[in-house]
Protein chains: 2
Amino acid sequence: MTFDNRTDVTTPPYEYEKDPHAIEVESFRQIRALCNLEGLTEEEAQVAMRLVHTCGDPSIMDDIFLSKKAVQSGIQAAANDATLLCDVEMVKHGLTRRFQNSEALCFLNHPEVPELAKQRGETRSMAALEMWKPQLKDSVVLIGNAPTALFRLLEMINQGGEKPALIIGIPVGFVGAAESKEALIEAAEAHDLNAISVRGRRGGSALTASAWNACLRLSRGIRF
Amino acid sequence: MTFDNRTDVTTPPYEYEKDPHAIEVESFRQIRALCNLEGLTEEEAQVAMRLVHTCGDPSIMDDIFLSKKAVQSGIQAAANDATLLCDVEMVKHGLTRRFQNSEALCFLNHPEVPELAKQRGETRSMAALEMWKPQLKDSVVLIGNAPTALFRLLEMINQGGEKPALIIGIPVGFVGAAESKEALIEAAEAHDLNAISVRGRRGGSALTASAWNACLRLSRGIRF
């Protein structure tokens with residue numbers, strides 16, 4: 001691989017790496033060089049590096065939250081083929097299909113959800129969690145878009161609802177996102193929940209999916 | 001709406017905005033206050049603000065590239081219900097469904113693509129562009145993941161291929177992403193292409209989809 005001493009890759013004929021495995025290996029080599037992984041286990045470092053890989057921004061490292069047993073629980077849940085509950089379709093479509101035995105679930109477009117949301121005067125993302133209740137125990141929850149969904153999940157758990165095996169809660173945005181993630185981090189402590197998050201406004205479906213993709217890879221012995 | 005004078009929103013009972021319209025309006029109010037939109041038309045500002053909204057990071061403003069007629073072409077293409085060509089499924093699933101008349105296309109999982117990629121020793125994302133050729137004229141291209149797909153697209157155009165109405169090229173990552181986007185920006189100048197991008201490593205499916213979502217909204221007269 002030659003990534004240096006190019007003349008000008010931005011004018012044709014372009015010179016660029018075309019081998020997908022080489023691209024992934026070189027990406028992680030660069031990420032490892034750019035990021036401070038001190039204090040993380042090797043498994044945790046794999047998750048953190050995949051988050052950096054997904055957003056292209058090493059500064060996200062500073063905001064990553066991993067509860068003590070989160071990554072180990074994730075690897076175990078991946079090995080158990082746990083039920084996956086997603087807040088939006090985009091998270092579902094960000095999961096690495098070849099490592100995934102069963103289809104992830106998302107109820108946002110379920111026919112009953114819009115009416116329920118309207119009745120209650122709340123977001124569809126919140127209303128969709130009604131459908132999660134029977135599935136919650138030992139599931140993996142993936143919330144990448146809606147702070148309201150994360151708040152509702154925590155309300156359900158606070159009221160004695162079942163606990164997921166792992167909550168990956170990385171909603172994005174300006175209204176409620178940072179607060180919902182701080183609430184997750186506090187609840188993880190209070191209720192001994194396994195949680196992965198990114199503090200602050202940054203987040204999204206891709207980051208959320210990628211944290212789970214890292215667990216999937218680790219459960220299959222794949223490391224970078 | 002009260003977003004200030006809360007006591008502590010991170011411990012239950014949580015206090016948070018549940019109305020989806022109020023959330024969106026307040027988000028854009030905050031983004032407008034945080035970002036310098038000088039030099040942008042009001043339509044361009046809508047696109048830039050939606051990119052910020054999607055990643056939760058106002059610092060992305062500095063890296064946004066909009067060619068001169070990009071946003072106007074996007075609004076026109078949205079009104080024309082242009083064919084949408086996506087590099088990955090995740091981009092497709094990030095599009096605002098209710099504003100979209102026809103299904104976007106993605107050929108990454110087309111049965112012929114893996115074999116073609118293997119034969120040529122290139123990524124599946126690149127090989128999938130073979131299927132784009134007959135659709136390229138007046139299409140809107142959405143590349144949110146693979147720098148190799150963006151390079152291949154530019155190679156096709158350099159070799160006299162048809163021009164899309166708009167290229168939204170915002171791949172993410174450490175190997176080739178920044179270079180592919182600089183190549184897009186140079187090609188936009190050289191071939192009078194309409195292009196939207198984000199310089200540097202940052203990018204992704206969500207940002208790519210959201211730039212198009214902004215054009216969709218503008219074509220329907222929706223502004224924040």
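Which residues does Leu142(B) touch, not counting residues up to four places away in sequence?

**View 1. Surroundings of Leu142(B) in the predicted model.**

**View 2. The largest nonpolar core.** This core has 96 residues. Leu142(B) and Trp212(B) are among those with the most contacts inside it. Val47(A), Leu142(A) and Trp212(A) are the others. In soluble globular proteins, nonpolar side chains tend to be buried together.

**View 3. The axis relating chain B to chain A.** A 180° rotation with 0.0 Å of shift along its axis superposes chain B on chain A, with an RMSD of 0.0 Å. This is the relation of a two-fold axis. Met90(B) comes closest to the axis among the residues of chain B, its C-alpha lying at 2.9 Å.

**View 4. The contact between chain B and chain A.** Each side is counted separately: 54 residues come from chain B and 54 residues from chain A. The buried area is about 4200 Å², and carbon and sulfur atoms give 66% of it. Met90(B), Phe174(B) and Val175(B) supply 18% of the area that chain B buries against chain A, more than any other three residues. Of the interface residues of chain B, 100% are also interface residues in chain A, so the copies meet through the same surface.

**View 5. Polar contacts and helices at the interface.** Nine residue pairs are in polar contact between the two chains. Helices of chain B that each supply at least two residues to the side touching chain A include H1 (20-34), H2 (42-55) and H9 (205-219). H1(B) gives the largest share of that side, seven residues.

Conventions
Residues are numbered from 1 along each chain as its sequence is written. Chains are lettered from A and ligands numbered from 1 in the order in which they are written. This is a predicted model: local features need pLDDT of at least 70, side-chain atom pairs count only at pLDDT 80 or more; totals for chains, interfaces and linings use all residues. Side-chain values use heavy atoms; hydrogens and water are left out. Copies are superposed by least squares on the C-alpha atoms of residues with pLDDT of at least 70 in both. Contact means heavy atoms within 4.5 Å. A nonpolar core is a set of buried Ala, Val, Leu, Ile, Met, Phe, Trp, Tyr and Cys residues joined through side-chain atoms within 4.5 Å. Buried means under 20% relative accessible area, exposed over 50%, partly exposed in between (1.4 Å probe, protein chains only). Buried area is the accessible area (1.4 Å probe) that two parts lose on being put together, summed over both. A polar contact is a pair of N or O atoms within 3.5 Å; within protein, one must be able to donate a hydrogen and the other to accept it, and residues adjacent in sequence count only if both atoms are side-chain atoms. Helices (H or I, at least four residues) and strands (E, at least two) are DSSP runs, numbered from the N terminus.
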